[in-house]
Amino acid sequence: MHLLSERDADAVRARLAPLAGPVRLVFFTDGGGGIIVPGRECRSCGETQRLLEDVASCSELLTLEVHDRLRDSDAFARYGIDKIPGLALVGAADYGIRYYGMPAGYELRLMLELVLDVGRGDGELLPETRAALTGVAQDVHLQVLSTPT
Amino acid sequence: MAIAAPLIRADIVDLTEFRDLVTRYAVQGVPKTILNDRLYFDGVLPEPEVLAAVLQAAGHPGEEAGT
């Protein structure tokens, strides 16, 4: 069953039309079959994966990779993923952009913007911001905490 | 900014999925942005102010973000 309606899929295809380069959607999940701790089960992992499958089918430049927490813990460490559902958006390089949760509704629009930025390898910053960022010599970890709108 | 600077990484986190973070980071409104687990700012700020917070988190002088 698709999570995106045909109309939504058309909108996603249109939004992704300007995608400039390949982007890997590297998805981290708990595929089931493991020990489930009450209160800690991943309620939206299955739906999120189906949504990402639908999104990935909307552009030839998008590919979806799925890593399971139990079978693929190395990949979790390699991408620095500490929560599920988790998504790494990887273009020509891994820019360290992650999305945790299910990008549905308005959040899907946000995720598509990130996909376009990652595919372009550029985030549309002011020239002075770009210049200032060249001086960043220490790790900075930003966590933008939000709720779906 | 994460694309422009190799040492910057950015997570977007849906709090409805990760309720424990609401308490952990004392979230009273969204969006709330946490920098290196010790600085924060609330809401959507103009780019120069976000930059100032990022530079502060990176150890540059400035007192733009809350602690």
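Read along the sequence, chain B of this predicted model follows the pattern β-α-β-β-α, and its secondary structure amounts to 2 helices and 3 strands, where helices (H or I, at least four residues) and strands (E, at least two) are DSSP runs numbered from the N terminus. The C-alpha trace of chain B spans about 30 × 25 × 20 Å along its principal axes. Of the 67 residues of chain B, 48% count as buried, a term that stands for under 20% relative accessible area, computed with a 1.4 Å probe and protein chains only.

Rolling a probe the size of a water molecule over the atoms shows where empty space is left. The structure holds 1 cavity of 30 Å³ or more, a cavity being a set of points on a 1 Å grid over the protein atoms alone where a 1.4 Å probe fits but cannot get out. The largest cavity has a volume of about 30 Å³, the volume being the space filled by probe spheres set on the points.

Residues that line the largest cavity, with an atom within 4 Å of a point, are A:Tyr99, A:Glu107, A:Ser146, A:Thr147, A:Pro148, B:Ile12, B:Val13 and B:Asp14. Strand E1 (residues 8–14) of chain B gives the most to this lining, with 3 residues.

Residues are numbered from 1 along each chain as its sequence is written, and chains are lettered from A and ligands numbered from 1 in the order in which they are written. Local features need pLDDT of at least 70 and side-chain atom pairs count only at pLDDT 80 or more, whereas totals for chains, interfaces and linings use all residues, and side-chain values use heavy atoms, with hydrogens and water left out.

How values were computed. 1 Å grid on protein atoms, 1.4 Å probe; cavity = no way out; pocket = protein on both sides within 12 Å on 5 of 7 lines; lining within 4 Å. Buried < 20%, exposed > 50% of the residue type's maximum accessible area, 1.4 Å probe, protein only.
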